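Hi,

Here is the structure I said I would pass on.

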Amino acid sequence: MRIMLVDDDRVRLQQVEQALAAAGDEVIVRLDSRADLLQAVQRYSPDVILIDIDAPGRDTLESLNRISLDCPRPIVMFTDDGDTDTIRRAVRAGVSAYVVAGLNAERLKPIVDVAIARFHEHQSLKRELDEAKTRLADRRDVERAKGLLMQRRKLNETDAYELLRKMAMDRNLKIGEAARALIAAAELL
Amino acid sequence: MTPLMLEKPALRVGVVPLADAVPIVVAQAKGFFARHGLDVEITLEHAWAAVRDKLSADRLDAAQMLAPMPLAATLGIDAVPTPMVAALTLNLNGNAIVVSNALHERLSAMRHSEEIGALGWAQALKRLIESDRAGGRPQLVFSHVYTYSAHHYELRYWLAAGGIRPDYDLNLIVVPPPLAVAQLAAGRIDGFCVGAPWGDVAERAGVGRRIVSKYQIWNNSPEKVLGVTRAWAEANPNTHLALVSALIEASRWLDQAENRAEAARLLAETGYLEAAPECITAALAPRAPDHPLGQGLVFHAGAAGFPWVSQARWFVEQMQRWQQVLKTVDAAQTAAAVYRPDIYRAAAARVGVSAPTVDYKSEGEHRLPWQLDGTDGVIDMGPDCLLDAALYRAK
């Protein structure tokens, strides 16, 4: 697993790196909190990012996860704050986890693993939700497109659907996309 | 002023290194917190995400927040859903859109003589983007400070007013203000929208030019608020009232022009804002009425501290406009649950400040100063125009 570490605390950075190395994980880059994280993420393409909770770059990382739908990355945070409630809340959010400073090597690895597992679980749920939304939208738009064809070309429902299906195949589109293209064209005319 | 029975007199309040942290810094340094029985520890935060997380995990009692943040947290679109409350606007204005020297030069060459002001720059930028596209040049990159920030919505509002589609025609990314100056210098971004003093810092460093201000996009619009969680506000109503009262007093002090230099000195000396003292002084100096970028930071005048429910609704509608939240969300209801003018009024009454009697106001109706009835006398209000001359109805 390729890990990016972002922290200004040199001692902590070293401890964490040793713990991860002992568990067989590869730390690909260590950065201080003022580094250009955007560029670093693009260049090193890490599997997971460990960052100090107080690093300014956190805002950049979070927004990256929001805009780059293709490759969001799990973010795990260091904190000096030993409050377990903080940790529990963050983990519950499903997208990140907190690592308490001074954590021993045996405990670090499972926390990072759980954070990554949670993250992927969350991503696949999100994807399923997006797909379900698309399916619903497809059904609605296919109905509308069918109605348009029936009305304008005086077709019955079966023939209208067949025509729409053929239009989609000819243009190498999904039927929902073809329906939306047809609706958009009809709105222009 | 009858003393309040404070549920929690010792508080931790978070601030971010920006000029508009100054009401909180002044309330501490000039004893306004102490006058209201509060013992406040100010903690310096470097990421908005950290402010949000620490509030929702009760590691902070209250914090300086971007005006849309408590709304996003309450709507559950920003990390762990946490209902929040804002009973005080900390300041109006202050942000600027800065472009690199190279982009400034290209835009200036492209700008037609009839294209003036903020809208003119956006129109020139649109033509520049079209010619770049035709010439196969890479898309421009602009940064703002947070997904749910006034900066983000201002930048998008400005781009869209010029006919630019923010999600297709250029790249928008998030870069914290101090780093944005370095990124602009390194040529990794072409422009940014940041709070004071960072636009001025970029200009003085010779790496970019301020072309548009927040004031020009929306006159006297809210920028930062005092955010607390709803659970905290319900558990500590008197403490909340004392906190808001102290900050209203600090804001009133700040808007006496003769105090601005002292405020700048306090902000520089306390070390909360690591910028050159002359930049901090310039950010807080009252501006001449004919300043090309319009009015600067306002903390108290024109009911600046009042959390208008209608302005909160405007933010939620911008979230809907840019597909951050579903259109089915009730913007008015969310706004009224988060922005709490009732608490502001109660606090204002304790310190002899006249507050608006209504929770909603229209935007875009006043080009000139105007007057509004208040709880304790008439309030002199500032202009509230939007860049595209749009009229935003109160209800």
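D36(A) pairs with R188(B) in a salt bridge, with 2.5 Å between the closest N and O atoms. (By salt bridge I mean a side-chain nitrogen of Lys or Arg within 4 Å of a carboxyl oxygen of Asp or Glu.) The rule finds four salt bridges across the interface of chain A and chain B, along with eight residue pairs in polar contact, both residues at pLDDT 80 or more. A polar contact is a pair of N or O atoms within 3.5 Å; within protein, one must be able to donate a hydrogen and the other to accept it, and residues adjacent in sequence count only if both atoms are side-chain atoms.

Before going on: this is a predicted model, where local features need pLDDT of at least 70, side-chain atom pairs count only at pLDDT 80 or more, and totals for chains, interfaces and linings use all residues. Residues are numbered from 1 along each chain as its sequence is written, chains are lettered from A and ligands numbered from 1 in the order in which they are written, and side-chain values use heavy atoms, with hydrogens and water left out.

Back to the interface. Chain A puts 25 residues in contact with 30 residues of chain B (contact means heavy atoms within 4.5 Å). About 2,100 Å² is buried between the two chains, 50% of it on carbon and sulfur atoms; that is the accessible area (1.4 Å probe) lost on putting two parts together, summed over both.

Now chain B by itself. It is divided into domain 1 (10-92 + 221-381) and domain 2 (96-217), with bounds from an automatic or database domain assignment. To their contact, domain 1 of chain B brings 36 residues and domain 2 of chain B brings 30. The centres of these domains, taken over C-alpha atoms, are 26 Å apart. Between them about 2,600 Å² is buried, with 67% from carbon and sulfur atoms.

How many salt bridges are there between domain 1 and domain 2 of chain B? The count is one. K214(B) and E223(B) form a salt bridge, their closest N and O atoms 2.9 Å apart.

Leaving out residues up to four places away in sequence, R230(B) touches T74(B), P83(B), M84(B), V85(B) and A337(B).

Cheers
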